[in-house]
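Dear colleague,

I am passing on the structure we spoke of, with my notes on it below. Please read them beside the coordinates and tell me where you disagree.

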Amino acid sequence: MARTRVCILGESPLVEEYASLCLNKGFEVLLRMDPQGAKGGQARIPRGARKVARPPRNVNLALELTNISMESKRKNLVELDAVLAPRTPIISSSVTVTVSEQSAWLRHPERVVGIGALPSLLEGGLMEFASSPLTEESILKGADQFAKDLGKEAAHVQDSVGLVLPRTLCTLVNEAYFALTENLALPDEIDTAMKIGTNWPFGPVEWAGRIGVTQVFAVMMALHRTLGEDRYRTAPMLRKAAALAGFDVRIPAGNAPSK
Amino acid sequence: MIKTIAIVGSGTMGTGIAQAAALAHFDILVYDVSAEVLKGGMERIKEAFRKGVGLGQHTATEATEALSRIHPRRGFGDLSEADLVIEAAVENLDVKKEIFKKLDTIVAPEAILATNSSSLSVTAIASLTKTPESVVGMHFFNPAPVIKLVEIVRGAQTSNETVRIASGVVTKMKKTPVVCRDLPGFIVNRLSRPLYGEALRLLSEQVASVEEIDRIMRAAGGFAMGPFELMDQVGIDVNLAVTQSIFEQFSNEPRFRPHAVERQFVQAGMLGRKTRRGFYTYK
């Protein structure tokens, strides 16, 4: 059987993470990265992946992994929709915009399925998918097969910004940044407290580093926009950290209490 | 140097702290207003040490020695020799205020007064003493002999020296101290609120079911337990009370607003594992 050919568009570091895993599992990977998402330095193209200027027609599956620039995301999706055969599935991250909203941009919205894609979450053993009322059953099955091929469980949730895990993690990080804004404790102590005190796998400040503050910020802005609730407003220090993400700036310790 | 620690209150937290401190070679005075509760507390400590030997947590000799260092005390005046008092009474500000007013007149001026409160202001409690700089929060987590974390809460007037000494005691108990400011919920209770809040909202918005949300948080997020399993374990009523308290202390900040779903479970008496019904049903 021929290798599954996947085309991955989007921002760094999500594109590299998905490309690496797909290559690892024997997929043929074509990719194009939006330079906007790369923080500071150059994004690294995983060995074995091929850079393309535009998505080719003959792929089995396409991934669109842009969370920050909605302009880029829309452009990428419209391009994929025009180039790919009508029944080729598009798995598109839906952590900052719903699948339903994305559908409105496309001529073949029935082939789009959302995914809870955030940096570092591929280390987990489950992929979260969301669909619009237009998404076809065969596309959902395709998504399940994709998860299986990558060695992951699959879960299907309703179409809502951030799905389950990205929404929860970003809200946890945002609360930690409120705590940092208020100088509740030092960043390391906050992480230590949550890991030892309540058995979290990572501390919230650690999660911010793994996911990237610009991604967290984008998810919080999207939650605030779509749910319209004050509980999703961004912490002042998260806002600043996202603005300075391209620079090597440490979280200021301020006059945090010391031992 | 802290040698003698008095513990006010011989409930679950008080006796748990007494065990951990006695194993760390501190001399312990355990006080309770009720003779009966005190007797029950001492029995629980003995039983816990016996079990600890069985589980290999400590040797029989260590347990016997630790137990010999724990002394029940019926009179408040008997606590005068304590270098550190850890108050672990009921979570009621009026009760705690009374205790600290009395302690202030009994202990040596250089003694440190600590409260194990998880939800009350250390600053407010400290304000009733002549030496607010010597008052600090020492928030142990249940079960105290097991959980390695202690939040050291710095009230508005707590001195650096008090924070340093309290942290040192925690370290000697082979636990990890983290220092934080006196803000509602401190670190752990406050920063874990969104885990439950988002789970309840995802459920009520029909994004996913209880089982699916828990499965996703475990398998994709790496959490040992899902948020609903955790709420059932802690008690939905207990979790709601923590949320409510933090919400109110932050002047009704919307990030901490309790959710109607959890309130309804409490109204129904479905409190989690302890009532065999909560988000899940238990046999």
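Across the interface of chain A and chain B there are 9 salt bridges, a salt bridge being a side-chain nitrogen of Lys or Arg within 4 Å of a carboxyl oxygen of Asp or Glu. One of the salt bridges links Arg231(A) to Glu198(B), with the closest N and O atoms 2.7 Å apart.

This is a predicted model, in which local features need pLDDT of at least 70 and side-chain atom pairs count only at pLDDT 80 or more, while totals for chains, interfaces and linings use all residues. Side-chain values use heavy atoms, without hydrogens or water, residues are numbered from 1 along each chain as its sequence is written, and chains are lettered from A and ligands numbered from 1 in the order in which they are written.

The contact (heavy atoms within 4.5 Å) takes 50 residues from chain A and 46 residues from chain B. About 4,200 Å² is buried between the two chains, 64% of it from carbon and sulfur atoms; buried area here is the accessible area (1.4 Å probe) that two parts lose on being put together, summed over both.

Within chain A, an open sheet of 8 strands has the order 3-2-1-4-5-6-7-8, with mixed pairing, where two strands pair if DSSP finds at least two bridges between them and strands are DSSP runs (E, at least two residues), numbered from the N terminus. Its edge strands, each pairing on one side only, are strand 3 (50-51) and strand 8 (153-157) of chain A.

Notes
Helices (H or I, at least four residues) and strands (E, at least two) are DSSP runs, numbered from the N terminus.
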